[in-house]
Amino acid sequence: MSRTVTDLDAAVNEIADEMRRRPDRGEVAAYIPELARVDPGAFGLVVIAADGHVAAAGDCDTPFSIQSISKVFTLTLALGMVGDRLWRRVGREPSGSPFNSIVQLERERGVPRNPFINAGAIAVTDLILSGHQPREALGEILRFMQFLARDASITIDEAVAASEQRTGFRNIALANYMKSFGVVDNPVDYTLGVYFHHCAISMSCRQLATAGRFLAHSGRDPETGLSVVQVERARRINAVMLTCGHYDGSGEFAYRVGLPGKSGVGGGILAVAPGRGSIAVWSPGLDASGNSHLGRAALERLTKRLGWSIF
Ligand code: DON
């Protein structure tokens with residue numbers, strides 16, 4: 001075992017120990033009632049290094065609701081389906097607004113600022129759906145996740161999806177508003193049905209870090225050698241993660257962590273250290289921007305200790 005690997009294991013274990021003890025855990029998301037039931041004391045951290053070594057600590061095999069982290073994978077899938085035409089529907093600028101904000105949509109004629117705010121992700125989901133049955137589109141997304149994570153056991157948490165379907169009034173408003181500008185093609189309830197369900201995919205830190213490896217290694221899964229996307233596309237997805245992956249907290253995340261990352265209100269964060277590794281962290285308590293409070297703190301410690309910031 002190389003020295004670097006020893007250091008990596010020690011770093012992951014020590015950071016997880018510290019985070020498990022910290023009292024300041026943030027607030028678990030309550031606007032999706034099913035997410036409010038999650039234990040705020042949970043903490044998991046997995047780093048998969050370029051050589052395939054896995055450093056894992058805490059609740060690293062417990063599945064959690066990936067929520068907005070799914071938007072990285074739907075963006076990847078949609079780019080594969082429609083190519084750069086996607087950017088006519090969705091911008092790639094930071095919004096500086098909360099993830100569920102509607103204000104920019106009127107000024108910008110229904111075109112969402114980026115694919116990671118809710119409006120943008122709904123527009124991307126609509127592109128994946130494009131005329132298919134919701135069940136087929138959802139199957140496509142789920143199979144993509146299973147393929148990337150090399151784990152066919154990954155499923156959708158139907159209780160979480162139903163919970164959001166019952167209470168997702170803001171997303172329903174966003175989708176209808178975009179539909180009025182012609183930015184959503186399919187029936188709004190079809191598009192939202194697929195969106196709510198892909199947000200409700202359950203994965204562990206280990207599965208998520210595995211699924212994110214292609215982004216850390218120029219579009220290719222280093223384990224299988226399979227190319228998922230071209231190198232240029234991987235670079236661009238990472239660029240959008242860096243600038244938009246944490247909504248109005250993206251600047252702070254780049255400042256503190258220095259890596260492309262995508263958060264979800266389930267408390268997960270997927271972070272990408274190009275050429276070095278893929279990282280997934282989970283701590284359900286959120287900060288005021290809806291990003292994992294201790295997840296970011298852990299990543300800040302980790303990148304500082306390993307020297308993995310891209311800056
Ligand atoms: O649409 C929503 O509000 C959720 N399904 C996803 C939001 C989310 O994860 C924001 N991330 N921090």
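This is a predicted model: local features need pLDDT of at least 70, side-chain atom pairs count only at pLDDT 80 or more; totals for chains, interfaces and linings use all residues.
**Helix α4 and its surroundings**

Helix α4 itself runs over residues 118–129 and has twelve residues. From its first C-alpha to its last, α4 reaches 16 Å, which is close to the 16 Å expected at 1.5 Å a residue.

The covering of α4 can be followed residue by residue, since twelve of its twelve residues are buried. An α-helix has 3.6 residues a turn, so residues three or four places apart point the same way. After α4 comes Gly131, whose phi is positive, near 85 degrees.

Stepping back from this helix to the protein as a whole, the secondary structure comes to 13 helices and ten strands. The radius of gyration of the protein is 18 Å, close to the 19 Å that the globule rule gives for 311 residues, so the protein is as compact as a globular protein of that length. Along its principal axes, the C-alpha trace spans about 55 × 40 × 35 Å.

Buried residues make up 54% of the 311 residues, and, of the contacts in the protein with a separation of 6 or more, 68% are accounted for by residues 24 or more positions apart.

Technical notes:
Residues are numbered from 1 along each chain as its sequence is written. Helices (H or I, at least four residues) and strands (E, at least two) are DSSP runs, numbered from the N terminus. The expected span of a helix is 1.5 Å times one less than its number of residues. A residue is buried if 20 or more other C-beta atoms lie within 10 Å of its own, exposed if 12 or fewer, and partly exposed in between; C-beta atoms are placed from the backbone. The radius of gyration is taken over C-alpha atoms; the globule rule is 2.2 Å times the number of residues to the power 0.38. Two residues are in contact if their C-beta atoms, placed from the backbone, lie within 7 Å.
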